Amino acid sequence: MDTNAPGLRSVPQVKPPRNPISLKQVETVISRSVAVFGIVFGAQTVPVLLGQIHQAQPVWVAVATITVFATLIVAMVASLADRFVRSSQGLVSIVYAAALLTWPFAVLDPALVTGTNHWLYLLLTVATATAAIAFRTRVAVAYLFLVPGFYGFVRLTPAGGSVDPLNDLFDVVYAMILGAVIIVIARMLRQAAAAVDAAQATALARYGHAVRQHATEVERVEVDAIVHDSVLTTLLTAARAFTPEAMALSARNARNAIEHLHDAALVVPEDGTTVKLRDVATRIRDAALTLTPPFQLRMRDIGPRSMPVQAAEAVYSAAMQAMVNSLQHAGKDEGVQRWLSAYGIGVDGIQVEVGDNGAGFVLSAVPQERLGVRVSIIERVAGAGGLAEIDSAPGEGTIVTIRWPAKPTGILGVPAEADSARPEVTS
């Protein structure tokens, strides 16, 4: 990741937790394994190639050899870099098929062709394996039957050595079996990994729904109590207000009821339950990893301290809202960078920063009816005893800083004053 990203602190990178299995991991393992075997099998073809080099036209030998081995190297580099994997693997399959199709026309003299397998045969399984990675299952299966079948057909002709049909059939079937095994294994692993990914996504969605339902129920109970104790009392007082004094009392009760309702929207009941700061940071990080486009991560070990679960929910929800706002409003250009940092402040605090170098906005110009910033971030964190600050300007990006508690005490790694300083925003 870019350590010079705007607003990022120079803190160690935290690697995301390893999933037991995921589609991306399966694709990476399969592609790298096939690329490695392609290089190994390619090296094994060199002695056979040198022994058969006099059988074909020099130009064809040079072009076929260079292109086939070059694509194998490109596939290896792409698999290690984890970029353009399918394209590079598909290129191997296509180049190999082209070399196989032109092989009979490049033979100089059929009398010079021996009964041994052509050097392209040693790469036949590699070609079918790369096809299994690059193409859809139907295309890969068609490739599995057509390419080895064409090789077997050429071997029966004078240009291929006019070999015994039974031996030729054994060679073709052997290549097909190996290719079929690779296709089946790849498909099974992909299906299993896709099922795991889907199950994880469903579990996260259900968990989020359950959390929202719980929060809604807590707020409903609080509001019900306020309506019963304050609002109904206000209404009864107003119904009996026939004098100026009674009307003033009714107005004062109404103001108090409105304040109680406002406070109830910001404060959740404390039940004494705590959660580790480290777990809060991990939960926010894991949520960021599920977003697209992804956020760059900069995390620091926060330590074993804990915070109230209500405050943890407020920090988490505000951070999620800040990331969602960035995805929705910062811009869709590839040049927009987004980052997330979380680290400890003081001896028992946590600070989360969500930033981007996107469109930015003027905070004072946000309409009052837009609650995503004012209520979902600033007031939610303040109601839990924290502090949320928003630094944004048009064209200069946005940085949302969420700190709990609002005034951390003590020292954890660095002084609280220094650690809580606003980062410089660069363009």
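**A conversation about the helices and the sheet**

Mentor: Let us start with a helix pair: helix 8 (residues 277-289) and helix 9 (residues 309-329) pack at an angle of about 25°, and their axes are 10 Å apart. Please keep in mind that this is a predicted model.

Trainee: Are helix 8 and helix 9 roughly parallel or roughly antiparallel to each other?
Mentor: An angle under 35 degrees counts as roughly parallel. Helix 8 and helix 9 are therefore roughly parallel to each other. The crossing of helix 8 with helix 9 is right-handed.

Trainee: Which residues of helix 8 and helix 9 meet?
Mentor: Helix 8 contributes Val-280, Arg-283, Ile-284, Ala-287 and Ala-288. From helix 9 they meet Ala-312, Glu-313, Val-315, Tyr-316, Ala-319, Met-320 and Met-323. Sorted by class, the contact of helix 8 with helix 9 has 10 nonpolar and two charged residues, with no polar ones.

Trainee: What about helix 2 and helix 3, at what angle do they pack?
Mentor: Helix 2 and helix 3 (residues 85-106) pack at about 165°, with their axes 9 Å apart. An angle over 145 degrees counts as roughly antiparallel. Helix 2 and helix 3 are therefore roughly antiparallel to each other. Their crossing is left-handed.

Trainee: And which residues make the contact there?
Mentor: On helix 2 they include Trp-60, Ala-64, Val-68, Leu-72 and Ala-75. On helix 3, Leu-91, Val-92, Val-95, Ala-99 and Trp-103 are among them. The contact of helix 2 with helix 3 has 14 nonpolar and six polar residues, and no charged ones.

Trainee: What lies in the loop between helix 2 and helix 3?
Mentor: Phe-84 lies in that loop. Its phi is near 55°, which is a positive value in a residue other than glycine.

Trainee: Helix 3 also packs with helix 5; how far apart are their axes?
Mentor: The axes of helix 3 and helix 5 (residues 137-156) are 10 Å apart, and the packing angle is about 20°. Helix 3 and helix 5 are therefore roughly parallel to each other. Helix 3 passes helix 5 in a left-handed crossing.

Trainee: Who is involved on each side?
Mentor: Helix 3 supplies Ser-93, Tyr-96, Ala-97, Leu-100, Leu-101, Trp-103 and Pro-104. Helix 5 supplies Tyr-143, Val-147, Phe-150, Tyr-151, Val-154 and Arg-155. By class, the contact of helix 3 with helix 5 has 11 nonpolar residues, one polar and one charged. Trp-103 of helix 3 is listed both in the contact with helix 2 and in the contact with helix 5.

Trainee: New topic: in what order do the strands of the sheet stand?
Mentor: Five strands form an open sheet in the order 2-4-5-7-6, and their pairing is mixed. Strands of a sheet pair through backbone hydrogen bonds, either parallel or antiparallel.

Trainee: Which strands stand at the edges?
Mentor: Strand 2 (296-299) and strand 6 (387-392) do. Each has a single partner strand, so one side of each is left without a neighbour in the sheet. Ignoring direction, neighbouring strands of this sheet are turned by 10° against each other on average.

Trainee: How many bridges join strand 2 to strand 4?
Mentor: There are four, and strand 2 runs parallel to strand 4 (residues 338-345). Met-299, for example, has Ala-342 of strand 4 as its bridge partner.

Trainee: Lastly, where is confidence lowest and where is it highest?
Mentor: Helix 11 (residues 416-419) has the lowest confidence, at a mean of 38, and helix 2 (residues 58-81) has the highest, at 91. Over residues 411-427 the pLDDT is below 50, and this stretch has 36 contacts in the model beyond near neighbours in sequence. For the protein, the mean pLDDT is 77, and 73% of its residues reach 70 or more.

Technical notes. Residues are numbered from 1 along each chain as its sequence is written. This is a predicted model: local features need pLDDT of at least 70, side-chain atom pairs count only at pLDDT 80 or more; totals for chains, interfaces and linings use all residues. Side-chain values use heavy atoms; hydrogens and water are left out. Axes are lines fitted to C-alpha atoms, for helices over the stretch in contact, and angles run from 0 to 180 degrees between N-to-C directions. Helices (H or I, at least four residues) and strands (E, at least two) are DSSP runs, numbered from the N terminus. Angles under 35 degrees count as roughly parallel, over 145 as roughly antiparallel, 65 to 115 as roughly perpendicular and the rest as oblique. A crossing is left-handed if the near helix is turned anticlockwise from the far one by less than a right angle, and right-handed if clockwise. Contact means heavy atoms within 4.5 Å. Ala, Val, Leu, Ile, Met, Phe, Trp, Tyr, Cys and Pro count as nonpolar, Asp, Glu, Lys and Arg as charged, and the others, Gly among them, as polar. pLDDT is the predictor's confidence in each residue, from 0 to 100. Two strands pair if DSSP finds at least two bridges between them.
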